[in-house]
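Reader: I would like a close look at one part of this model. Please take me through the aromatic pairs.

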Amino acid sequence: MAPSMQIFDTAAVARYNDVGVYHARGLISNEWVARLRAVIDSELSIKKSKHFAFQEGETGRFLGSQDLWRTDETCREFCTNSTLPRAAAEMLGSDEVNLFFDHLFVKEPGASFDTSWHNDVPYWPIKGSQILSIWIALDRVTRENGALSFINGSHRWNAKVQPATFGEKADQRRSMMELSGQIPAELGDYSSLDIDTFEMEAGDALIFDGKTIHQAGGNHSTNMRRRGYVVRYTGDDVLYDPRPGVHKMMLERSLAPNDRITCERFPLVWS
Ligand SMILES: O=C(O)CCC(=O)C(=O)O
């Protein structure tokens, strides 16, 4: 059963709307953290599972996976029937919430590559304003092992920041936004921007708008993993939009352009 108590106060929702990201401390219980860690470690240990490497360095790997909830019962329960759908509904200000997908980002010790600056909506075949991600720390996250940074207010820029690569070849970090001349070529030059970097405890979550521009540092530690599990949700105003440039693996054949996205793959999880 979804919990019935309100999770966020008006200040939290206002902060999310204002800057495009909110640090929800202790959103996830220790029990869920332990259950999700177990699923993730088992996913990453199976040689032929569907996880993939964003990058493989000499020292540590940056691993990802997607749509775990579709095959794993623990992830399904967490994404559809934990505190999360309500958290998404409150932040989105939405009567209904769909699960879009879940996503894994694991930086093993020594996976020193940054996650390039980007925002998420340009990758996805949906449009609308009520799109968010809940990035859950399953380990302590510090500046040393891969903390995430966000450009405050960038969800209002109407920008598309879609790097050519997700990090390995830093010199190829060219974004659509960079190409359109809206911001300087490298985000290292972003001294005038209001950027927050979040250190987190296991069980904390960052809730951010699909348009907020963000990045993550590499994992420079020798012994701290950084397991991030992200669940993405959409609200009332979101429609299917299979335009050129979106990830092909996200396309859903049962939907037509401008359909509401509710279907087996993007189920309604809150109403
Ligand atoms: O965890 C990371 O390194 C990147 C996460 C991210 O970009 C996202 O969740 O959209």
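Author: By the ring rule, the count comes to 9 aromatic pairs. Rings of Phe, Tyr and Trp (its six-membered ring) pair if their centres lie within 6.5 Å; planes under 30 degrees apart are stacked, over 60 edge-to-face, and the rest tilted. One of the pairs joins Phe100 and Trp124. This pair is edge-to-face, at 5.3 Å centre to centre with 70° between the planes. Phe100 lies in strand β4 and Trp124 in the loop between β5 and β6, so the pair ties together parts that are 24 residues apart in sequence. Strands (E, at least two residues) are DSSP runs, numbered from the N terminus.

Phe100 has a relative accessible area of 1%, and Trp124 has 3%. Buried means under 20% relative accessible area (1.4 Å probe, protein chains only).

Trp124 also pairs with Phe101. That pair is edge-to-face too, at 5.5 Å and 90°. Phe101 lies in strand β4, so its pair with Trp124 links parts 23 residues apart in sequence. Phe101 is buried, at 1% relative accessible area. Phe100, Phe101, Trp124 and Phe266 form one aromatic cluster.

A note on the basis. This is a predicted model, in which local features need pLDDT of at least 70 and side-chain atom pairs count only at pLDDT 80 or more, while totals for chains, interfaces and linings use all residues. Residues are numbered from 1 along each chain as its sequence is written, and side-chain values use heavy atoms, leaving out hydrogens and water.

Methods:
Helices (H or I, at least four residues) and strands (E, at least two) are DSSP runs, numbered from the N terminus. Buried means under 20% relative accessible area, exposed over 50%, partly exposed in between (1.4 Å probe, protein chains only).
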